[in-house]
Amino acid sequence: PQDNMRFTALLLLAICIVHVANSELVQCGKFTHKVVDVNWNTKTGFNTNKGTRICTVLFKIGSTCDQMKMYCTRFYLPNKDEYKCRRGDKMWVKTDGERPRVYCEHNKPTRDFPVLSNRRLKTRVTMGPPSPVYPNRGATCFVSCDQY
């Protein structure tokens, strides 16, 4: 019985370590460009901060995943043109063979309506210089394998 408990504890510890190792968010600096592989147990994404100006992250699907999804939780990119996002902060998302889709203000990919991709998903967040008018602006988005 005691050996079974030790084995179970070690197994749970190993699962936690693997989960944490595959759960890293890209922390966007002033100018950031990263490539991230997404596999079946990957939970990744990106997080902007006050100093972020341009953050480009390319998510590539791994061999153990058929489809990935992206959604955002914290999202406020102020833009004076909230319909076409041409005057202010914005996030572009490009998937396989599709035209880029632009998001701004509070318009974002959600858990109910995520961005889906079968091969590559490229995101690019562009933000103006830090401003005291919008202290909480930025985005936190997550990408994971979409297990049906």
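Q: How many salt bridges does the structure hold?
A: Three, where a salt bridge is a side-chain nitrogen of Lys or Arg within 4 Å of a carboxyl oxygen of Asp or Glu. This is a predicted model, in which local features need pLDDT of at least 70 and side-chain atom pairs count only at pLDDT 80 or more, while totals for chains, interfaces and linings use all residues. Residues are numbered from 1 along each chain as its sequence is written, and side-chain values use heavy atoms, with hydrogens and water left out.

Q: Which residue pairs with Lys-69?
A: Asp-146, with the closest N and O atoms 4.0 Å apart. The pair links distant parts of the chain, 77 residues apart: Lys-69 is in strand β5 (residues 68–76) and Asp-146 in the segment after β10 (138–145). Strands (E, at least two residues) and helices (H or I, at least four) are DSSP runs, numbered from the N terminus.

Q: And Asp-146, buried or exposed?
A: Buried, at a relative accessible area of 18%. Lys-69 is partly exposed at 25%. Buried means under 20% relative accessible area, exposed over 50%, and partly exposed in between (1.4 Å probe, protein chains only).

Q: What does Asp-89 pair with?
A: Arg-137, at 2.9 Å from N to O. Asp-89 sits in the loop between β5 and β6 and Arg-137 in the loop between β9 and β10, so this bridge ties together parts 48 residues apart in sequence. Both residues are buried.

Q: That leaves Asp-81. Where does its salt bridge go?
A: To Arg-86, 3.0 Å from N to O. Asp-81 is buried at 15% relative accessibility, whereas Arg-86 is exposed at 59%.

Q: New topic. Which residues form the positive surface patch?
A: Lys-60, Lys-94, Arg-119, Arg-120, Lys-122 and Arg-124. A patch takes residues with over 30% relative accessible area and no salt bridge, joining like charges within 9 Å and nonpolar side chains (Val, Leu, Ile, Met, Phe, Trp, Tyr) within 5 Å. Lys and Arg count as positive, Asp and Glu as negative; His and the chain ends are not counted. A charge is placed at NZ of Lys, CZ of Arg, CG of Asp or CD of Glu.

Q: Which strand gives the most to that patch?
A: Strand β9 (residues 120–126), with three residues. Lys-94 comes from strand β6 (residues 90–95) and is partly exposed at 35% relative accessibility.

How values were computed
Areas by Shrake-Rupley, 256 points an atom, 1.4 Å probe, with all protein chains shown as cover.
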